[in-house]
Amino acid sequence: MDVNAPAYRCTCPSRKFPCKHALALLLMWARGEAADAGTDAADYAREWAEQRADRATSRGQRQSGRSVDPAAQAKRLAQRVELMDAGIADFARWLTDLVRTGLAAARNQPYSWWDGVAARLVDAQLPGLAEQVRAMGSDVHARADWADHLLLRAGRWWSLTKAWGIRGQLAPDELADLRIALGWTVPSSEVQGTEALAGPWLVLGAHRGDDGRIQQQRTWLRAPDGTVVVVLDFAARGEALATPQLAGALVDATVARYPGSEPRRARFTSSLAPRGMATSFGEVGTISEALETESAAVALSPWRERHPVLLGGVRVCPEGSGWLLDGSGNSLPLVDAPLDSLLALTGGHPVDVFGELEDGRVRPLSVVVDHAVVIP
């Protein structure tokens with residue numbers, strides 16, 4: 001096991017990642033019960049570690065020595081735009097048929113119907129749209145408010161097709177948001193030297209997701225001046241994600257931000273140095289203020305799926321068959337909430353909560369309890 005990456009290799013047939021053997025070794029190492037092997041590592045472990053180091057060195061050498069041919073780069077860009085144009089046109093026709101036949105008919109379609117549309121979008125270099133369509137194949141059966149949800153998504157998808165047609169008229173931030181929604185990412189090498197925002201950064205919270213193909217980790221950070229950024233990490237199935245940062249931690253690091261509207265995606269451009277733990281989030285707001293901020297953000301970027309919210313003095317309360325956050329006469333339903341942990345930590349008392357506001361529902365990622373930021 002390589003605890004620096006982290007990465008591991010195990011011969012067990014488990015499909016879980018990490019497997020139980022890797023988890024056991026990590027726990028032993030964290031407790032100090034498993035020392036670094038160093039030169040005493042077994043031959044096969046040493047060979048595996050050396051192969052990983054050699055591959056990393058080779059990648060770095062190829063990237064540093066790689067020359068860019070402007071003509072070839074322009075040709076690849078033109079080919080991609082041509083593919084995307086055709087994909088957007090095909091998707092617009094599909095959306096028109098979807099609305100013409102009625103949303104109720106879409107719910108009766110098998111998952112393969114949605115997956116087929118998503119596959120065509122992937123072929124057209126539109127992976128962001130493809131992921132949304134693929135997720136809708138499950139949402140129309142899993143969500144009680146599937147009709148409203150599908151109608152909202154269909155409207156966003158239609159606006160995406162129209163915005164792509166006038167992309168030459170969009171402001172740089174608007175064009176960046178459009179590219180993000182479609183899945184046209186900016187290479188990290190283009191962001192590396194753009195800026196260096198210094199910390200200390202407060203880790204507000206993090207969320208991990210796994211759709212069976214790609215693992216994603218979102219880490220939300222806040223600077224002393226109130227600037228909020230999100231660091232995104234991805235890993236293919238079977239690979240290791242970046243080591244998560246602990247909610248409430250203060251870290252010294254510099255970050256560079258990707259193009260787009262606030263709050264923007266960012267990446268670390270220096271090593272992280274722990275600076276201690278925070279006792280609060282700092283400035284928080286009400287649910288009403290959070291909704292107003294979200295409305296302003298949606299007006300600038302209607303395709304943004306989630307928004308960070310810092311809520312002060314809210315309670316976890318039951319409502320019918322669900323649960324919500326209630327505060328100052330307003331409430332928000334919860335989604336993906338660990339209710340047992342939330343109720344045990346808060347005891348029904350008002351607390352400060354950080355979470356992600358998504359489709360009118362909030363996903364709590366951390367709370368302040370007894371002057372400490374904790375993960376529910």
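Trainee: How many salt bridges does a search of the whole structure find?

Mentor: In this predicted model, a search of the whole structure finds 21 salt bridges. A salt bridge is counted when a side-chain nitrogen of Lys or Arg lies within 4 Å of a carboxyl oxygen of Asp or Glu. One of them joins the side chains of R143 and D359, at 3.8 Å from N to O. R143 sits in the loop between α6 and α7, while D359 sits in the loop between β11 and β12, so this pair ties together parts that are 216 residues apart in sequence.

Trainee: Which residue forms a salt bridge with R153, and where do the two partners lie?

Mentor: The partner of R153 is E305, with the closest N and O atoms 3.6 Å apart; E305 belongs to the loop between α9 and β8 and R153 to helix α7, 152 residues apart. Burial is read from relative accessible area, with buried meaning under 20%. R153 is therefore buried, at 8%, whereas E305, at 24%, counts as partly exposed.

Trainee: Are R218 and E356 buried or exposed?

Mentor: Both R218 and E356 are buried, and their salt bridge has its closest N and O atoms 2.8 Å apart. The pair links strand β2 with strand β11, across 138 residues. R218 and E356 also belong to a network of salt bridges, whose members include R143, R153, E305 and D359.

Technical notes
Residues are numbered from 1 along each chain as its sequence is written. This is a predicted model: local features need pLDDT of at least 70, side-chain atom pairs count only at pLDDT 80 or more; totals for chains, interfaces and linings use all residues. Side-chain values use heavy atoms; hydrogens and water are left out. Helices (H or I, at least four residues) and strands (E, at least two) are DSSP runs, numbered from the N terminus. Buried means under 20% relative accessible area, exposed over 50%, partly exposed in between (1.4 Å probe, protein chains only).
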